[in-house]
Amino acid sequence: MRTFSLFLLGLICAGVLVYGNMYWQEKTSVSSAEKTANVTEETDQSTEVEPDFDSLIVNWPEDAQASFKKAVADGTPYKLAIVGSLALGADENGWSEQVKSELIDTYGDNIEVKIFQYDTTSLTFVNGENVDEVLNYEPQLVLLEPFALNDNSNGVGGENNQESIQIFKRKLSEQNEDAVLILQPTHPIAGATYYPLQIEKLKDFAEENEIPYLNHWSAWPVDDEEALGELLAEDQETPSEEGHALWAEYLVDYFIAK
């Protein structure tokens, strides 16, 4: 009887030891897995960095690149203003709205884009309340379509157009000395004689004054009146849907280098 009791006690002790060992191994395994998961999570969090936009903004003026990078580092949105005439198409799905959408999709919260569209001449714009509305936005980059076609249609000469640009540039610098101005012409039109010469002088003016100039006319069939006409509204005052898409594609390729 005593021998049987000892044997039974030995079995119980052995069972306790086996169970204890299995429990300990399971406990250690779970703990190890949790530690591994925590380390992995911490590593993932520590490797999260701001997106690298350097290659995407390579076409921008150097000053604009620097201020954009600073805004990203500071965690504040970079403010870009698109300014011009009804040729912007801001009331529909015009090129300005398409460009705005692409910029926000690409740069996210790092950029803020606002469109300022006015049915006016350059002289009225720069000497009235409209210019104050733009400046009150405090843009860091302005893409200006300087109402060239409106000026041409309303008897405002190219010299007055250029003077208006100079005034705007001065006011912009007074509001923010680091702000950058980029010029672009209004869309081309078919059958024009003086207007293309006015735009050529605008291009020369930009170069002489070291103002970045986006010559999107290079993407239009300016020498083919029939093809050009298909890219314009009937009155030629604004682009057609296809014209807006062409204009937008040119600008998106500039602002978002691929």
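The crossing of helix 5 and helix 7 is right-handed, a term used when the near helix is turned clockwise from the far one by less than a right angle, anticlockwise being left-handed. Helices here are DSSP runs of H or I with at least four residues, and strands are runs of E with at least two, both numbered from the N terminus. The model is predicted, with local features needing pLDDT of at least 70 and side-chain atom pairs counting only at pLDDT 80 or more, while totals for chains, interfaces and linings use all residues. Residues are numbered from 1 along each chain as its sequence is written, and side-chain values use heavy atoms, with hydrogens and water left out.

Val131, Val134 and Leu135 of helix 5 touch Phe168, Lys171, Leu172 and Gln175 of helix 7, where contact means heavy atoms within 4.5 Å.

Val131, Val134 and Leu135 are also the buried residues of helix 5; buried means under 20% relative accessible area, exposed over 50%, and partly exposed in between, with a 1.4 Å probe and protein chains only. Seen down the helix axis, these residues fall within an arc of 95 degrees, so they line one face of helix 5; the arc is that of the directions from the axis to the C-beta atoms. On the other side, Glu129 and Asn136 are exposed. The buried residues pack against strand 1 (78-84), strand 2 (111-117), helix 4 (122-127) and helix 7.

Helix 7 also holds asparagine 161. Asparagine 161 is buried, with a relative accessible area of 3%. Leaving aside neighbours within four places in sequence, its contacts include Ser122, Pro146 and Leu202.

Tyr107 and Phe255 are, with Phe168 and Leu183, the residues with the most contacts inside the largest nonpolar core, which has 70 residues. A nonpolar core is a set of buried Ala, Val, Leu, Ile, Met, Phe, Trp, Tyr and Cys residues joined through side-chain atoms within 4.5 Å. Helix 10 (residues 241-255) gives the largest share of this core, seven residues.
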